[in-house]
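Please keep the sequence and the model at hand while reading.

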Amino acid sequence: DQTLGKILEKKLSDGLPHKKFEVISIGLGDTGTAQQYLALKYYGLKYNPDLVVHLFLSANDLKNNSLALQKDPYRPYLKLEGEKLILIPPQNKEEKIFKNLLRKLRITGFILTIRQMYLEKRIDPSLDYPIDYYVYNKIYTREYLSSWEITKAIIKNVKKTAELNRSRYLLVASANNEQVNTNVWDGLQKKYPKLKYQTSLEKPDQLIKKFCNIEALDCTYMLPEFKKFTKANPKVTTHYKFDGHWNNTGTNIAAQFLANYILKIVRNN
């Protein structure tokens, strides 16, 4: 009952008691836009949703959408061929007998997790900071530019897929830890000095806003609401320190933000 979906469902029901709301969460941790699209297509549409709410976390979704950036062959990806999206299926973890035997050992999962963390934190010598923060680069690398083009194509397909099912589509730009909590960004800049000169925390949201305007997408942005809260409550954190996701406070802010937006849609219709 403390998940975003359950809190949102309650806030919607409290906001319009005469309406029946059901929030079905099909999101998974550590997945990008490609996997979200597949989850909607093969699972979410079975519920015939009136509204598809697509949460976009720029902190890692762009990276998650690129095999070159994510370096994880055990998840599906999509690539662009012209204007067509082509599925890159995941490698089968059980292809090799050795891997299949190792899979049964508990320590294997731990080792693979450490390996993935290492790959994600690797540093480009020319920048001196981890790939996690390339999303804020004022000038994107070739890999990030490619991933952004793929991401835009996927989002358009998510919208198209939802609307073919007669579902309304809403893209929600989430708020990243370092964008919201100034002490987190200050600490990162001290650790990686080049962040101060080569990045902009506004870059991801600027890209999304431009894209939404061009494509006439229904989009909304959580960052101003989170900044408003932290300004009024400077000693209260909204995200977990290490993994960067919302804590209970952040989850409630996000749920209230979404509830207000969705209730407005329902009332207007």
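## Overall make-up

Of the contacts in the protein chain with a separation of 6 or more, 68% are between residues 24 or more positions apart, where contact means heavy atoms within 4.5 Å. The protein chain has 13 helices and 5 strands; helices (H or I, at least four residues) and strands (E, at least two) are DSSP runs, numbered from the N terminus. Of the 269 residues in the protein chain, 45% are buried, with buried meaning under 20% relative accessible area, exposed over 50% and partly exposed in between (1.4 Å probe, protein chains only).

This is a predicted model, in which local features need pLDDT of at least 70 and side-chain atom pairs count only at pLDDT 80 or more, while totals for chains, interfaces and linings use all residues. Residues are numbered from 1 along each chain as its sequence is written, and side-chain values use heavy atoms, with hydrogens and water left out.

Helix α2 (residues 33-42) is largely enclosed by the rest of the structure, because 8 of its 10 residues are buried. The buried residues are T33, A34, Q35, Q36, Y37, L38, A39 and L40, and what covers them includes β1 (51-56), α3 (61-64), β2 (77-81), β3 (84-88) and α7.

Two packed helices are described by the angle between their axes and the distance between the axes. The axes of α2 and α7 come within 9 Å and cross at roughly 15°, which makes α2 roughly parallel to α7. Here axes are lines fitted to C-alpha atoms, for helices over the stretch in contact, and angles run from 0 to 180 degrees between N-to-C directions; angles under 35 degrees count as roughly parallel, over 145 as roughly antiparallel, 65 to 115 as roughly perpendicular and the rest as oblique. The crossing of α2 and α7 is left-handed, a term used if the near helix is turned anticlockwise from the far one by less than a right angle, whereas clockwise gives right-handed. On the α2 side T33, A34, Y37 and L40 take part, and they meet T151, I154, I155, N157, V158 and T161 in α7.

## Helices α1 and α13

Helix α1 (residues 4-15) and helix α13 (residues 248-268) have axes that come within 9 Å and cross at roughly 40°, which makes α1 oblique to α13. The crossing in which α1 passes α13 is right-handed. From α1, the residues L4, I7, L8, K11, L12 and G15 meet a set in α13 that includes T251, A255, L258, I262 and R267.

## Two helices with a buried side

In helix α9 (residues 182-191), W185, L188 and Q189 are buried. They cover an arc of only 100° around the axis, which puts them on the same side of α9; the arc is that of the directions from the helix axis to the C-beta atoms. N183, K190 and K191 are exposed on the other side of α9, while the buried residues of α9 pack against α8 (177-180) and α10 (195-198).

In helix α12 (residues 223-232), the buried residues include L223, F226 and T230. They cover an arc of only 65° around the axis, which puts them on the same side of α12. P224, K228, K231 and A232 are exposed on the other side of α12, and the buried residues of α12 pack against α8, α11 (203-215), β5 (219-221) and α13.

## Two buried loop residues

A175 is found in the loop between β4 (168-173) and α8, and A175 is buried, with a relative accessible area of 1%. Leaving aside its neighbours within four places in sequence, A175 is in contact with L57, V180, M222, L223, F226, H239 and W246. The C-alpha atoms of A175 and G250 are separated by 9.4 Å, although these residues are 75 residues apart along the chain.

P130 is found in the loop between α6 (106-120) and α7 (142-164), and P130 is buried, with a relative accessible area of 3%.

## The disulfide

A disulfide, defined as a pair of cysteine sulfur atoms within 2.5 Å, joins C212 to C219 with an S to S distance of 2.0 Å, and by this rule the count comes to 1 disulfide. The torsion about the S-S bond of C212 and C219 is about -85°, so the disulfide is left-handed. C212 is buried, with a relative accessible area of 3%, and C219 is buried, with a relative accessible area of 14%.
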